[in-house]
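Subject: Structure handover

Hi,

Here is the structure for you to look over. My notes follow below it.

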Amino acid sequence: MSDSIESSERAPPWLLLIHQLPPKPDYARIKIRRRLRDIGAVAVKRTVYALPAGDQSREDFEWVVREITELGGEATLCEATFLDQATDERLIAAARAERAREYAEIAAAAQRESSDPDRLKHRLAVVARLDHFEAHGRADAEAAIMALDQKKIGSERSAPALGTMQGRTWVTRVGVHVDRIASAWLIRRFIDREARFRFVSPKGYRPEPGELRFDMFEGEFTHDGDRCTFETLCRHFGVTDRGVSAIGELVHDIDCKDDKFGRAETPGVRLIIDGIVRAHSDDAARLERGAAVLDDLHAQLAGART
């Protein structure tokens with residue numbers, strides 16, 4: 001796409017943040033400048049920033065307004081259009097250039113084998129959300145991440161044949177919650193359909209021959225780096241189903257509490273899992289109830305038709 005507006009293209013209305021900060025504290029300007037950069041705002045003047053008008057832009061700017069006010073400054077929001085097309089072209093070109101730079105950085109990072117593809121996917125999603133004007137480079141970044149992901153998978157230990165995993169005893173701690181409920185569902189649905197589950201107290205437990213431990217200290221399958229147990233299982237056994245991947249993002253954010261993926265469904269799923277835990281003290285019952293919820297959730301997230 002050209003970096004200028006075609007004569008037939010109508011420039012969007014803009015939401016403007018007009019602000020003023022006190023001379024002290026010294027870090028205030030740096031803090032607000034970083035916040036404006038993080039939401040993708042472009043500078044009209046030194047103290048005037050713009051975003052395409054919309055609900056998300058308004059919410060992003062309102063958070064910045066709150067921070068400015070807390071720092072002792074003043075800020076005003078208004079919606080505006082510019083009479084001269086040159087200003088629209090300059091703002092759009094600046095926004096595209098910044099997003100293109102970020103896409104290029106992501107693509108470059110994906111060339112390094114030490115990079116984490118999951119982190120780069122999250123970073124790409126953040127940049128794409130701010131890409132209001134279809135900047136160049138997104139496809140290249142996506143392709144680079146995909147290549148890195150495939151290379152990582154290929155370099156890891158080959159996934160064991162699932163036929164050898166049937167009818168195993170899977171052990172985890174008593175008092176299962178979201179990661180263990182979801183991991184048990186994943187195991188029985190995609191890894192070991194004849195799985196038997198055993199719930200133990202970590203204190204004094206000694207594994208029996210042939211048992212597989214998950215989401216527990218020194219377990220065969222547990223948290224690995226920033227991955228929750230559900231994600232570890234998916235990666236180890238090569239489960240790449242689209243619905244499972246989406247559930248993995250939900251489980252990660254609920255269990256790790258880091259809002260890495262920020263899916264809209266997360267608060268609702270958290271509420272349902274908390275309700276299952278509150279209503280059922282028996283771990284087997286929690287797995288049964290959780291499996292029913294996850295089956296339906298998987299059908300929706302995988303795009304299955306009824």
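Predicted model: local features only at pLDDT ≥ 70, side-chain atom pairs only at ≥ 80, totals over all residues.

The largest pocket holds about 960 Å³ of space. Its lining is made up of 28 residues, and those closest to the centre are Asp118, Lys121, Asp149, Ser245 and Glu249. Four helices each put at least two residues into this lining: H4, H5, H7 (229–237) and H8. H5 gives the most, with seven residues. By class, the pocket lining has 11 nonpolar, six polar and 11 charged residues.

**Cavity**

The count comes to one cavity of 30 Å³ or more. The volume of the largest cavity is about 40 Å³. Its lining consists of Val178, Ile181, Ala182, Ile247, Leu250, Val251, Val269, Ile273 and Leu294. By class, that is nine nonpolar residues, no polar and no charged. Helices H6 (178–191), H8 (242–256) and H9 (266–279) each supply at least two of the lining residues.

The crossing of H6 past H8 is left-handed. On the H6 side, the contact uses Val178, Asp179, Ala182, Trp185, Leu186 and Phe190. On the H8 side, the residues are Val244, Ile247, Val251, Ile254 and Asp255. The contact of H6 with H8 has nine nonpolar, no polar and two charged residues. Val178, Ala182, Ile247 and Val251 take part in this contact, and these residues are also in the cavity lining.

**H9 against H10**

The axes of H9 and H10 (residues 283–301) come within 9 Å and cross at roughly 160 degrees. H9 is thus roughly antiparallel to H10. The H9/H10 crossing is right-handed, whereas H6 passes H8 in a left-handed one. From H9, Val269, Ile272, Ile276 and Val277 make the contact. They meet Arg286, Arg289, Gly290, Val293 and Leu297 in H10. By class, the contact of H9 with H10 has six nonpolar residues, one polar and two charged. Val269 belongs to this contact and to the cavity lining.

**Backbone details**

Most residues other than glycine have a negative phi, and most peptide bonds are trans. Two places here depart from that.

- Lys24 and Pro25 are joined by a cis peptide bond, with omega about 0 degrees. Pro25 sits in the loop between strand S1 (14–20) and helix H1 (27–38).
- Glu134 is not a glycine, yet its phi is positive, about 55 degrees. Glu134 lies in the loop between H4 (117–130) and H5 (138–155).

**Asp116**

Where is Asp116 found? Its place is the loop between helix H3 (85–110) and H4. Leaving aside neighbours within four places in sequence, Asp116 is in contact with Asp226 and Arg227. Asp116 and Leu15 are 101 residues apart along the chain, and their C-alpha atoms are separated by 36 Å.

Best wishes

Note on methods:
Residues numbered from 1 in each chain as written. Heavy atoms only, no water. 1 Å grid on protein atoms, 1.4 Å probe; cavity = no way out; pocket = protein on both sides within 12 Å on 5 of 7 lines; lining within 4 Å. Points joined across faces, edges and corners; volume = space filled by probe spheres on them. Nonpolar A, V, L, I, M, F, W, Y, C, P; charged D, E, K, R; others polar. Left-handed = near helix turned anticlockwise from the far one by under 90°. Contact = heavy atoms within 4.5 Å. Axes fitted to C-alpha atoms, helices over the stretch in contact; angles between N-to-C directions. Parallel < 35°, antiparallel > 145°, perpendicular 65-115°, else oblique.
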